[in-house]
Amino acid sequence: MTLLSVEGVGIDFGGLRAVNDVGFSVSPGEIVSIIGPNGAGKTTLFNMISGVYRPQRGRIALDGTDVTGMAPNRLAERGLSRTFQNLQIFQRMSVLENVMTGCHLRERGPVLGDLLSLPSSRRRSAATSARANALLERVGLARAAEREASSLSYGALKRLEIARALALEPRILLLDEPAAGCNAVETEEIDHLIAEVAKSGVAILLVEHDMKMVMRISGHIVVLDRGEKIAEGAPATVSRNPKVIEAYLGTQAAEAGDAVG
Amino acid sequence: MTMRLSRKHLTLIVLAALVALAPAFFPSNFYYRIGSLIFVNGLAVTGLVVLIGFAGQISLGHAGFAGIGAYACALAPGYLGLHPGLAMLGGAGLSGVVAWLIGRPILRLKGYYLAVATLGFGILVSMVLANEAGITGGPDGREVAELGLRSALAAIGIGLNNAQFWYAATGLSMLAGAWVALNLHDSPSGRALRALHDSEVAARTVGVDVARLKLQAFVISAVYASLSGSLLALMNRFITPDVAGFLHSVEQVTMTVFGGVGSVPGAILGAAVLTLLPQALTVLQQYENLILGLIMMLVMIFMRDGLLPSLMRRLKGRE
Amino acid sequence: MPELLQYLLSGVTVGAVYALVALGFTLIYNASDVVNFAQGEFVMLGGMITFFAWQAGVPLPLAALLAILAAAAIGVLLNKLAIEPARGAPVASLIIITIGASIFLRGGAQLVFDKQLHRFPSFSGDDPLRVFGATILPQSLWVIAGAVAIFLALWLFFARTLTGKAVLATANNRIAASLVGINPNHMMTLSFAVSAAIGALAGVLVTPITLTSYDLGVAMALKGFAAAMLGGMGVPAGALVGGLLLGLIEALTAGYVSSVYKDAVAFVLILAILFIRPQGLFGRGTMDRV
């Protein structure tokens with residue numbers, strides 16, 4: 001029951017091997033985390049899986065179909081959705097409109113109908129608006145719906161991106177550091193949200209620096225270092241792996257032990 | 001959404017009221033003509049709001065489409081025996097097709113590269129119009145047939161003089177154009193366009209077919225430009241290749257950005273101010289360029305979002 | 001054959017002017033990411049100021065120097081008063097600002113000077129030189145030599161001097177450059193001064209051949225912009241190749257196809273090249289970082 005399978009993918013930038021020969025798989029309802037020090041290639045891997053970069057080596061399959069190098073919008077049509085580490089918010093749109101745009105695949109229709117505001121177009125907008133409002137409720141942003149997105153705090157923007165990604169009704173959701181810049185309470189909320197989404201059968205691929213969170217919610221962890229996979233397995237196994245402690249946790253081993261313990 | 005709908009309707013009501021009530025203050029027929037010029041420009045800049053303001057794609061060649069629209073009205077009645085009104089629609093269709101054909105490769109370009117490609121297109125159109133004198137009449141221009149709608153209206157009891165008729169015709173066209181653009185703004189396609197403007201990569205990941213939507217915006221704005229060119233030709237009964245020239249393209253982009261590129265009423269205000277300004281400056285004719293250039297720089301430096309959005313923000317701030 | 005040579009010679013002459021204007025675009029673009037549509041006005045200022053100073057009795061070389069310095073000063077003012085305050089504005093706004101500056105300078109020139117066509121004497125007389133059956137004006141040689149000298153000087157400046165390397169570093173990464181102690185604003189000011197001076201020099205060199213008037217800036221800016229894009233915006237060598245290529249194509253088209261469509265062919269070519277290589281002939285491709 002594999003939904004996403006990544007086999008031996010790699011990409012070079014200039015002479016640099018950004019990612020090399022990485023493989024793993026994610027099943028529906030499973031939470032898989034990718035961890036590793038800064039520059040390990042986590043975001044680059046995300047960009048390849050979501051079609052932003054075309055892998056130079058290897059193969060990516062979604063639900064058994066080869067989707068290597070497929071454009072992001074085609075992947076979205078197949079149920080792959082993502083958030084961004086450094087936020088890609090639609091700044092000049094309202095919070096509500098951001099999430100409504102996440103429903104694009106569901107609400108799009110003939111442009112002529114949109115130009116003339118035909119009833120069918122208005123109906124699509126109204127339905128989307130209702131759905132988007134419900135999602136904002138879910139991430140705790142309902143009261144900010146009409147505000148301009150750029151006016152939100154960093155933590156709120158992170159949640160807005162998750163709501164927008166969920167609006168797609170994804171089968172697999174890629175979250176790039178969803179808890180970065182969030183306080184403890186917000187992190188816990190995001191934590192719950194992710195677990196809840198996974199429980200509904202969505203496969204989740206997570207990049208996160210908050211080790212406590214990763215250890216708590218992941219079913220499976222993939223460890224990258226300098227573009228290569230150095231370990232994978234259940235949280236408890238990975239955190240005891242000497243290679244991981246050396247490469248990833250390094251001098252912070254004590255702190256990591258604390259985090260794991 | 002009800003709030004948003006009412007904003008759209010409010011905008012339309014204010015625009016319609018201004019168009020309808022302004023003639024009460026006109027001391028002479030000449031002012032109907034200036035009003036018509038504002039509306040023709042207002043229609044063109046509304047199309048540019050869709051392209052530049054919504055989709056974030058620059059064009060320095062949209063006058064090329066105005067040229068196609070204008071010369072469709074000038075040539076089709078004589079060569080094809082088409083009614084000028086149908087020629088206007090035919091020109092709009094032709095502009096749409098041309099925009100669709102050149103938009104596919106051009107819109108892969110970004111920023112300044114897109115600017116130079118569109119500029120190249122506009123210059124090609126104006127050059128063909130100027131150089132194929134055997135067909136187009138060349139740089140000296142040519143006459144345009146009478147639309148004939150005014151006499152038809154007179155026959156059913158609506159008697160308007162020429163200036164009044166064109167004031168009404170261009171005013172209604174501009175209002176219709178504004179209505180369509182405002183519809184688009186809050187529609188699924190409009191959201192997708194504005195989304196790709198803010199972040200192309202995020203728009204893609206939510207499923208927006210970026211190339212297709214940019215192309216749609218390009219075609220829509222080309223149709224606007226074409227219609228405005230047709231109206232100008234029919235109203236003046238005369239047209240020269242300048243309508244397609246680089247300066248005309250720049251003038252319209254300037255009006256749009258000056259008034260507020262993301263806002264339909266803003267761009268129309270920009271069209272009004274920059275159409276009126278040269279009229280007001282005719283007294284200071286030798287200073288016209290100096291003042292125009294200065295105003296363009298000052299507004300863009302101190303009111304980055306354009307005249308109307310900046311003014312609105314200042315008003316809101318004071319409340 | 002003499003025909004072809006004749007076209008090539010006139011193409012190279014015009015191309016050298018385009019290359020200089022394109023170089024001005026490129027220098028400013030590198031320092032500030034701004035495409036300065038007022039670039040053509042510097043060419044106009046170079047010719048006009050030289051003419052009026054010369055007419056007032058200033059010796060021609062001194063008049064030319066005066067014009068170049070004045071243009072450089074105007075370039076610096078343009079940067080300080082209009083470009084720096086608008087830092088970070090969207091492309092469309094920056095285009096309007098520089099086009100506004102172009103209209104402003106044109107309006108100023110029309111007031112301070114006049115609306116006539118002007119010419120001052122060629123530097124080395126007007127007797128055409130014969131080359132394998134074709135002819136070339138001595139002034140054309142001045143234009144070509146001027147362009148060669150400027151490109152050489154600039155290459156030395158970038159490759160050999162610390163300031164030149166600082167300019168390149170700023171173009172590459174503004175923040176990193178400021179971290180190592182380079183002041184990006186100084187680099188911008190320098191770039192505007194230098195590219196205005198180069199534009200003015202082009203104006204001085206070409207005026208005896210093509211004459212000058214207050215309104216030639218737009219056409220110059222368009223051609224220079226096109227040449228810079230052709231070569232790849234931001235690459236000095238691209239400006240040289242783009243300018244020469246544009247000049248040659250125009251001359252060959254005018255000679256063999258049709259003189260009225262010489263500008264058209266240039267733009268068709270630019271469109272074609274942009275479709276095949278959207279970053280220009282020498283430009284580097286970029287990858288969006290997310």
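How does D305(B) count at 35% relative accessibility: buried, exposed or partly exposed? D305(B) counts as partly exposed. Keep in mind that this is a predicted model.

## A pair within chain B

D305(B) has a partner: its side chain meets that of R313(B) in a salt bridge, at 2.9 Å from N to O. R313(B) is exposed, with a relative accessible area of 51%.

## Bridges between the chains

Now let's look across the chains. R92(A) forms a salt bridge with D198(B), and their closest N and O atoms are 2.6 Å apart. This pair runs from the loop between strand 6 and helix 3 of chain A to helix 9 of chain B. D198(B) counts as buried, at 19% relative accessibility.

Another salt bridge joins R194(B) and E97(A), at 2.8 Å from N to O. Here helix 9 of chain B is linked to helix 3 of chain A. R194(B) is buried at 9% relative accessibility, and E97(A) is buried at 4%.

There's also a network of salt bridges that links R74(A), E77(A), R108(A) and D209(B). Over all chains, the salt bridges come to 28.

The crossing is right-handed. On the helix 3 side you'll find V95(A), N98(A), V99(A) and G102(A), and they meet L160(A), A163(A), R164(A) and A167(A) in helix 7. The residues of this contact divide into five nonpolar, two polar and one charged.

## What about the cysteines?

As for individual cysteines, C103(A) is buried at 1% relative accessibility, and C182(A) is buried at 14%.

Terms used: Residues numbered from 1 in each chain as written. Chains lettered and ligands numbered in written order. Predicted model: local features only at pLDDT ≥ 70, side-chain atom pairs only at ≥ 80, totals over all residues. Heavy atoms only, no water. Buried < 20%, exposed > 50% of the residue type's maximum accessible area, 1.4 Å probe, protein only. Left-handed = near helix turned anticlockwise from the far one by under 90°. Helix = DSSP H or I, 4+ residues; strand = E, 2+ residues; numbered from the N terminus. Contact = heavy atoms within 4.5 Å. Nonpolar A, V, L, I, M, F, W, Y, C, P; charged D, E, K, R; others polar. Salt bridge = Lys/Arg side-chain N within 4 Å of Asp/Glu carboxyl O.
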